[in-house]
Amino acid sequence: MKICVVGTGYVGLVAGTCFAETGNDVICMDVDEEKIDGLKQGKLPIYEPGLQELIRRNVQEERLRFTTDLSGAVQESLIVSIAVGTPQGDGGSSDLSYVMEAVRAIAKAMNDYKIIVTKSTVPVGTADKIAQEISSLTTCEFDVVANPEFLKAGAAVEDFMKPDRVVIGATNTRVVEIMQDLYAPFTRTGAPILVMDPRSAEMTKYAANAMLASRISFMNEIANLCERTGANVNFVRQAIAKDRRIGASFLFPGLGYGGSCFPKDVQALIHLAHEHDYPLKLIQAVEEVNELQKRVMIHKILNFYSSETGDRKPDDDHSSLKGKTFAVWGLAFKPQTDDMREAPSRVVIEQLLALGAKIQAFDPEAMKEARKIFGDKITYAKNNYEALKGADALILVTEWNEFRNPDFKKMKALLKDPVIFDGRNQYSRREMRELGFDYVGIGRPSPA
Ligand code: NAD
C-alpha cells in the first residue's frame with residue numbers, strides 16, 4: 001500500500017517506519033526541513049529503542065522515504081495519515097491548528113480518491129470537521145478515518161508492532177477493509193482490530209489516557225496518606241496489584257505524571273466536557289492531584305532542611321535553599337525516552353532554582369532537550385556519578401535502569417552529605433539506613 005504520513009515526530013516517524021517494515025511504500029513528510037534533512041542523512045530527531053535500525057533497513061530497501069513536499073507525497077499515496085502535534089490550546093482545549101493546516105494543504109494537493117486518517121489525538125467530532133473542510137476545498141472523493149495511536153514513548157516501536165488493540169473509526173465498509181489489511185501484520189498474535197464510528201474512536205483515546213492518569217493520581221494520593229498514617233505504599237501497592245480486578249500497571253507512586261500526552265489529553269477531555277455542559281468532577285480531581293504531586297518533593301526537601309536548622313516556616317523563605325547544590329538523576333518524563341514535555345523534573349528543578357539552589361543534572365538521553373530548556377541555569381554532568389560531586393543531596397526523579405543498582409559507597413564518597421530524595425522509591429530503606437544515608441521516599445515512613 002502507498003502511505004503518506006504527515007508529521008514526522010514521535011508518532012509519525014514510528015508509525016511510518018513500522019508501516020514500511022510490513023512491506024508498504026511509505027513517505028514521511030514534515031514541514032521541519034532540518035528534521036527531514038537529518039533523517040535523509042540517517043540522523044534521528046528523537047530517541048526510541050530499536051527505531052534507528054528499523055529506519056536504516058527500510059530506507060536501504062527503498063520502502064521508506066522522507067520529504068518536505070506534501071503535494072508529491074499526497075498525490076502518490078492512497079492513505080494519508082495525519083500525525084502532527086495537537087498541543088494544549090486556550091483553556092486546556094486541544095489546539096487543532098496544526099491538524100487543520102495539514103488538512104487544508106492535503107485537500108489542495110489531492111488529485112484523486114484518498115483515505116485521510118487521523119493518528120493525532122483529536123477531540124470528538126474532529127473527523128466530521130476534517131470532512132467538512134476537505135469538501136470545501138476539493139471535488140475529489142475521500143473518506144476520513146479516526147485511528148488513534150496508543151504507543152508509549154520509550155517502547156514505541158514494540159507497542160506499534162505488537163499493539164494491545166487497533167481502533168478504527170470509520171463508516172465505509174471498503175475503507176474498513178483497507179485499514180484492516182494495513183493493520184493485519186501487526187495483529188497476527190490475536191490483538192483485536194476494533195471497528196467503530198469515528199466519534200467513539202476519538203473518545204476511546206481520551207478515555208484510555210484519562211483512566212491511566214487516574215490510576216497514577218489515585219496511587220499518589222494513597223501514598224501521601226500512607227506517609228501520614230505510618231503505612232508503606234509499597235506493601236499496599238503490591239497487595240492491591242494482586243487483585244485481578246485491579247492489576248499491576250500504573251500503580252507506582254512518584255512525582256506526578258508528565259509527558260506529551262497525559263497532561264494535555266486530560267485537560268482536553270475536561271475542556272470537551274465543559275463545552276458539553278457536563279463537568280468531569282473525577283478527571284478534574286485527577287489533574288489537581290497531579291499538579292500538587294509535582295511539588296511533593298520540594299516540600300519534603302524543605303522540611304528536611306528546616307528540621308535540620310529548626311526553621312519554623314520553610315516554605316515562606318524564598319532563598320531557603322541558597323548555598324545548597326542538588327544532583328538530579330533523570331530529566332525525561334519517564335525512562336527510555338528523551339521527551340521532557342511536562343516532565344516532573346522541570347517543576348522540581350524550576351522550584352529548586354527559585355529557592356536559590358544549584359543543580360547538577362544527568363539523564364542518559366535527555367541532556368540535549370534539557371539544554372534547550374534550562375540553558376546555562378543548571379550544570380550538566382557527563383554521567384550520574386559526576387552529577388553527585390560535591391552535591392548536598394541526590395534527587396532521583398526518573399527511574400532509568402542504570403540508576404537502579406548504583407555503587408552506593410561511591411555515591412557516598414562523592415556527595416557532600418549522604419542524603420537521597422527518591423522520587424520513584426527505587427532504593428531499599430533498610431539498605432539506605434545501613435549504608436548511613438538520610439533517605440526520603442514517597443509514601444513510605446522514614447527509616448527507623
Ligand atoms: P511531535 O511534536 O513529536 O511531532 C509532530 C510533528 O508534526 C513535528 O515534527 C512537526 O514539525 C510536524 N508538523 C506540524 N505541522 C505540520 C504540518 N502542517 N505538516 C507536516 N508536518 C507538520 O508530536 P508527537 O508526540 O508525535 O504527537 C503527534 C500526535 O500523536 C499528537 O496528537 C499526540 O497527542 C499523539 N500521540 C502521541 C504519543 C506520544 O507518545 N508522543 C502517543 C500517542 C498519540
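## Polar contacts between domains 1 and 3

Across the interface of domain 1 and domain 3, three residue pairs are in polar contact. The model is predicted, and both residues of each pair have pLDDT 80 or more.

What kinds of residue make up the side of domain 1 that touches domain 3? Six are nonpolar, one is polar and one is charged.

The protein chain has three parts. Domain 1 covers 2-196, domain 2 covers 206-291 and domain 3 covers 294-440. Eight residues from domain 1 and nine residues from domain 3 take part in the contact between domain 1 and domain 3. The centres of these two domains, taken over C-alpha atoms, are 38 Å apart.

The size of an interface is often given as the accessible area lost when the parts come together. Here, domain 1 and domain 3 bury about 680 Å² between them. Carbon and sulfur atoms give 45% of that area. Which residues of domain 1 lose the most area to domain 3? They are Tyr 10, Tyr 47 and Ala 153. Together they make up 73% of what the domain 1 side buries.

## Around the ligand

Some of the atom pairs can be described one by one. Val 11 uses its backbone: an N or O atom there lies 2.8 Å from an oxygen atom of the ligand. Lys 264 uses its side chain, with a polar atom 2.6 Å from an oxygen atom of the ligand. Ser 260 also uses its side chain, where an N or O atom is 3.4 Å from a nitrogen atom of the ligand.

How much of the ligand does the protein cover? On its own, the ligand has 830 Å² of accessible area, and the protein covers 89% of it.

Key: Residues numbered from 1 in each chain as written. Predicted model: local features only at pLDDT ≥ 70, side-chain atom pairs only at ≥ 80, totals over all residues. Heavy atoms only, no water. Domains from an automatic or database assignment. Contact = heavy atoms within 4.5 Å. Buried area = accessible area lost by both parts, 1.4 Å probe. Polar contact = N/O pair within 3.5 Å; in protein donor to acceptor, adjacent residues only side chain to side chain. Nonpolar A, V, L, I, M, F, W, Y, C, P; charged D, E, K, R; others polar. Areas by Shrake-Rupley, 256 points an atom, 1.4 Å probe, with all protein chains shown as cover.
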